[in-house]
Amino acid sequence: MKLSAENIKFIDNYLKNSEVIYYDIRMEMLDHVATAVEQKMQTENLDFYDAFKSYMVVNKKEILKGNKLWSGFSKDIILNFLKFLLQPIMILIGVSIYIFYKNVDVSSCFSESFTIRDFFVVFLIFLALFQLIYFRLILKQRFFVIEKIFGLLNIIYYLQMFFMNQHKNESPSILTLTMFSYILIGYVLYFAKEVYKFNTYKKQFVL
């Protein structure tokens, strides 16, 4: 016995009212609950509302526990990002960046009033503003993985503040420039990959 669109919408609204705010987490819960309710309707010959009520009385606490587990900062995001940086294509990009800095004096393209350090800070601010606008005006849904990627920018910012400003009277070394360019390019590509993945995932659950 298949659930109707109204039944699916009912479960989704129930999860929303239970403060499951992240779309990707809610869709996983929705799929799990819908499957279980369908089975209960078939095996116990119940209508949707009786089957849903009976199932949630027993399983609500366990299901919503998953929402709390995912509510904080995720170490998995950092680990997945580091794995992404170590992919062969990213290593090739890193080597290309190093060769570029080795052969081009980028510091000469900047002035004392706007140094290459300032450029990195401005670029980080631009990324942060872009993501805020993207989340609020385009996605219009909160995705756990994509939103938590934003936390990586904080880490990158503080690393930049520490390593890029150790010797303020000197231009950053080629290795330092390579490292932060590599991380920032990797961040942009990783963000784009996750956005594409969840836009594809979202299409499976159009309500």
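The following legends describe close-up views of a predicted model.

The model is predicted, and local features need pLDDT of at least 70, side-chain atom pairs count only at pLDDT 80 or more, and totals for chains, interfaces and linings use all residues. Residues are numbered from 1 along each chain as its sequence is written, and side-chain values use heavy atoms, with hydrogens and water left out.

**View 1. A nonpolar surface patch includes residues of helix α5.** Helices (H or I, at least four residues) and strands (E, at least two) are DSSP runs numbered from the N terminus. L175 counts as exposed because its relative accessibility is 61%; exposed means over 50% relative accessible area, buried under 20%, and partly exposed in between (1.4 Å probe, protein chains only).

**View 2. D12 forms salt bridges with K16 and with R26.** A salt bridge is a side-chain nitrogen of Lys or Arg within 4 Å of a carboxyl oxygen of Asp or Glu, and the structure holds four. The side chains of D12 and K16 meet at 3.7 Å, N to O. These residues are separated by about one helical turn because they are four residues apart in helix α1 (residues 5-17). K16 is partly exposed, at 38% relative accessible area, whereas D12 is buried, at 1% relative accessibility. In the salt bridge between R26 and D12, the closest N and O atoms are 2.7 Å apart. That pair links distant parts of the chain, with R26 in helix α2 (residues 23-44) and D12 in helix α1, 14 residues apart. R26 counts as buried because its relative accessibility is 3%.

**View 3. K193 and E194 form a salt bridge.** Their closest N and O atoms are 3.1 Å apart. E194 counts as buried, at 3% relative accessibility, while K193 counts as partly exposed, at 36%. Elsewhere, salt bridges that share partners join D12, K16 and R26 into one network.

**View 4. Aromatic rings form pairs and a cluster.** Rings of Phe, Tyr and Trp (its six-membered ring) pair if their centres lie within 6.5 Å; planes under 30 degrees apart count as stacked, over 60 as edge-to-face and the rest as tilted. By this rule there are 15 aromatic pairs. The pair of F100 and Y101 is edge-to-face because the planes stand at 65 degrees, with the ring centres 5.5 Å apart. F100 is partly exposed, with a relative accessible area of 43%, and Y101 is buried, with 12%. F119 and F120 also form an edge-to-face pair, 6.0 Å from centre to centre with 75 degrees between the planes. F119 is partly exposed, with a relative accessible area of 38%, and F120 is buried, with 4%. One aromatic cluster is formed by F10, Y14, F48, Y49 and F52.
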